[in-house]
Amino acid sequence: MASFPRTGFAAWAGSVEELCGLIDALQPLARSLGAPDPQADEWYGSLFGKLRPQVSREPVLVAAVCGGTNTGKSLITNTLVAAEISRSVPEAARTRHPVASLPQGLAARTDLAALFPGFALAPWQSVQDAIDLGPDASGNADRLVWREDSSGRQPARLVLLDTPDIDGTLRENWHRAELVRNACDVIVAVLTQQKYNDAAVRDFFAAAAAAGKAVVVVFNMIDWPRQRDRIGGWLATFTAETGVAPLAVYAVPHDFRAAEAGRIEFHPLPELTPDGAAVDLAVRLADCDFDSIKLQAMEGALRVVLDPETGAGCWLDSFETSAKEWREARRLLTAEARVRVELPTAPREIVWNEIWQWLEPRRSGLDLTVSKVYRVAGKGVSWAARQVGLVRSEAERREDFSTVELAALKTALGDFVERLDDACRRNPRLAAMLGARLVDGDRAAWYADLERRHASLPLVSEDYRTFVRNELDRFAKENPGMVQFILTGLNVGAVARPAITVALGMAGAAAVPAAAASAGGLSVLVHHVGDVVVGTAATIAGEGALGLTMAGLKPLIETLFAGWSAERGRVLAETLHDVVLGDRLEEIDRLANAATAPEVTRARRLLVECSRDLGRDMGREVSR
Amino acid sequence: MNDQQAQPREQPGGEPVDFTSFDELVEMLARWSGSLPEWPPARAVRAEWEQIEPRLDRARRELSRMLVVGVIGGTGTGKSTLVNALAGCDLSPAGDIARPTTINPVVVAPRDVDLSWLPVEAMNARVVRSDAAAVANIVLVDCPDPDTQAEAPRHSGGQATHSSARPSDSNHNRELLEAVLPACDVLLLVSTAQKYRSWVVAREVAAFAPGRPLLFVQTHASRDPDIRDDWRRELESQGFVVPRIFRLDAVEAATRSAAGLEPDAGFRELVEAIDAELVGRAARRVRRTGSLDLAGWFLRQSQESLAPLRGPVAQLAAGVASERTRLEGILARAVGSRLRASRTAWQRILTGEIVERWHGGPFASFLHVVESIIAFWPRMRAAGGGLITRLLAGQPADMIPAGQGGWQAVEELGLSAAEVEQSRSVLCGLSARARLAEPLVGRARLDESRVAATVGTLLERTAAWLSSGIDRLVADRRGRIDGPVFRWVCEALFSGLLVAVLVRAGWNFFVGHLWQGRVVDGGGFLQEALVWVILWGFFLRWIAFARVRVGLNSDIQSLVSRLPQAHLTDPLLADFAAAADATALFIDHGDRLSRDHEGLVARLTEPGGDLGHLRGDSR
């Protein structure tokens, strides 16, 4: 037996394998991008069903008998392999699984599963297999039954297949027939006068023609010889519709009784056959030029993959289109989903207490005594004021603050959700990503989560304490002379009116160090936009009594207050991130950058290389 | 038969009653489908209804005109041959030269029948007349096939031939078919061994089968095996009821009929069935059953489309209830604590009550004096100007500020805008699940006009409820000291000291001074005595007030616990509650109409003959 000329494919083999790997790797990304599913595309079938299994394996020629329901495919297959491998029954659409007849010894030499990708293979048991077989252990319902030719007459490199119908009410049959069509080299198209021009039949064979399959046409159930003259017209319609250039044309007379007995007769139609030879169909299949048919099928498959309008490049283009939409979605989110939270005025002693504690060891005796006197006096005044009802106790004030603060955070959460809702209405991509979350999410649980986080956040956290110490240390080191100022400046009353914005951000760190310290990696950013007014509103008791404005201290104090309020806002950011949105923001970010994924670039380069191999004209179209 | 006038409804066998109830059902369906146009699912139901209403209407108006039978099936199944056989001559081109054969539909009608009611133009049809007995009382339409037109638009994926035009690009048979079928009353589905499992044909038939009875015919009997059992199974799996499938050879029948020979059995049976099932009174039955089927099909479609929303609608109703409870809880807690905190105000009210009621006695006079002195004291602890304070201070509660001021007033009651927004946001989510949006429900944040309306109502209701509750509470407490015994005991105790002082003073003067000659005490004793009288008076006053005050907290508690029954917070969530009710009602109403329809079917359906129909619950 002549060895198969591998040179034509050798160049592709590596590229095809790598391309398949890349496309497999890109599919999850494509799904999340919302790019079309490539598995429904012709190029995908050609690449994975034809090129990958055969480009580097022992070359066999696969011939499949295809056609509409009840056109006699099983009968024709049985006749061609001279054995009943698939039961032929009067009821339509009964062959539900392809049945392959292999030349002797092929099963031992070849990995059949790789030859027929997508199918769960089963060795032939009986003629009922094609009708009755259920899904395999892994649940794959697409089965392919195979058996080796027992007579030994089947040519050593020819595989013959009976396939399910392509137009019946069971759509999974169509799918299986398409898988076979992708994998085969030669198609025996079984047509009848009722079906040769049905749209479903035309579409199936048009795709086969486009992928470079060789086609032998068999007109079955012919009123022979009365309809012999009609066949030319039917064939002309068929070839014009599908682009099929048949290798040969045969007619099978309608003979119900003969068919029931499993006997049929192929009449070659030399007048419609290009080489004009009246050769028996089985002989023609056995004698046909395997190598050129194979090459033609492989090139056809590659051409489908490289097609600039419908091929793999087109699918890769959809990455760019989708990623662009995701970038727009990201822009919309960053611009629109930004909420300003008006936090209530902080109980001022919170920040001051921290500063006092830092200062304690640095203060002079006199200062401490004076301060103690102030504090005692202050306490006395405060007590009296509380008794007459002018001032509320510290605990009460903290409780009031906490209530108002929680209300502000809840308002902000509600605001946020509403903005996200609006953004989803304006952008379908966002709706796809966040819509389900916003609609199906348990909003009551979001608020409960916010309440829980807020309740468990101490007024002054350890993080914040550390932050204050570090800030003050740094300040003291940079301004040694200023420590005295601080001491004086501490007697300045300060009121913080903290407002923060919580925004969905994809890049950059949070503006406030305290928040950034523990909120690292959060995509929900907290920005401080508040203003701290130093030197106003000395309270009726305590440190404010001296009243002194120190412009130099302002930035420091501003930072200290800002850090504190940013930490309060972080509660909201955490709820938004952990409960409401999950990691969808990171996902949006990933998708927006999808077009620049290295796999996409590499796949494009491979496509260009393959096109160059296949021919200059195509290469020019594919390359971008 | 050939002209259309108002149809007489009176028929023997109680038809008027039945038809009235069907008319009523149709009327209710029309009302129901249009009853909630703001809800998208209900709008979809309405759109569906608008599709079928003209058909129901026409069927009722043209109850006794002859039936239009559409002959449909895949190309090559012998539709035209069968039509020719039935018409008794070659009216419609048939044959095997090229597929498809029939492009424009052919209408076969008895001679002299007025066809002005048939939209022949819209159908792109050619009308031919026939004298054949088989078509003497029906209009037969030879329809184009559904399976030679490419799936439009031709998908660009995959085929390298996409750029070149194909002959089939000009094939619009399926579109032609879809223009013809709406005019048909009955479908005659023709198929062969090769075509009875065709997906395209099945899809087209399923689209037009609702409300149209069917006859099933297997042709090519002389060539093909008998596949009727398998076809029946296939049809039943698609949801059809298939009482009978005819099997015949149309070519042979046409030949025999052209030659004037007796038709064979299969063809004869079909002709007889047409006569028995589609002509005269049977035609009325076909139309009526078709209408009932169509209404049933519409109801099933609606139920199916509404089914996934039942859960969300119920969840929304439950959500409204739970959010309402939450808001009421917040309001109750805050109102309770505020009422409890206003100790002085209660004191003043209760004191006022006692003072107002007790007159005449010395103790009463004492109370009045104390009260008038206290009245000079400034009311220093009026904790803010909130609604509760105003109510407890006896001011009218009708000065309710509008807009954001309204919110402030509500927040003084302890119900913050944030809490209300939280509830509304939660309900917004639930509404979206039930596909409810504006204008049926509002947004989470109430806008100015809504705030004015809802907050105003809330404040009014709360004020009315609170003031009546406070009145009741005060009246109840007043009852405790209003009794004469308690009052006389107080008077007696106070008067006792007074009398004792007077007696002692009298004794000192008359006995001690005048009789025993002791020195007069002077004013000292009286001053002392006055102090004691005042202290005693305050002590009694304290006892009396304590009696009124005791248990006030638990009374406030029980007052507040009745707050949920007052539905004070309802206006805040009113739009969601109304939407939940309306949607639930819409779904319930649909269920009720389905039951009505089933009852009507049970009453009206006559044992069907050879006609099949779409049951609806396919696969």
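A: Helices (H or I, at least four residues) and strands (E, at least two) are DSSP runs, numbered from the N terminus. The model is predicted: local features need pLDDT of at least 70, side-chain atom pairs count only at pLDDT 80 or more, and totals for chains, interfaces and linings use all residues. Residues are numbered from 1 along each chain as its sequence is written, while chains are lettered from A and ligands numbered from 1 in the order in which they are written.

Q: What is the angle between helix H8 and E7 of chain A?
A: Angles run from 0 to 180 degrees between N-to-C directions, with axes as lines fitted to C-alpha atoms, for helices over the stretch in contact. Helix H8 (residues 199–210) of chain A runs at about 155° to E7(A) and lies across E1, E6 and E7 of chain A.

Q: What makes E7 and E8 of chain A a pair?
A: Two strands pair if DSSP finds at least two bridges between them. Strand E7 (residues 214–222) and strand E8 (residues 248–253) of chain A are parallel and joined by five bridges, so they pair. One partner couple is Val216(A) and Ala248(A).

Q: Why are E3 and E9 of chain A at the edges?
A: The open sheet has nine strands in the order E3-E4-E2-E5-E1-E6-E7-E8-E9 (chain A), with mixed pairing. Strand E3 (120–123) and strand E9 (267–268) of chain A each have a single partner strand, so one side of each lacks a neighbour in the sheet.

Q: How many residues of chain B are in contact with chain A?
A: Contact requires C-beta atoms, placed from the backbone, to lie within 7 Å. By this rule 51 residues of chain B are in contact with 56 residues of chain A. H15(B) gives the most to that side of chain B, with nine residues.

Terms used: Two residues are in contact if their C-beta atoms, placed from the backbone, lie within 7 Å.
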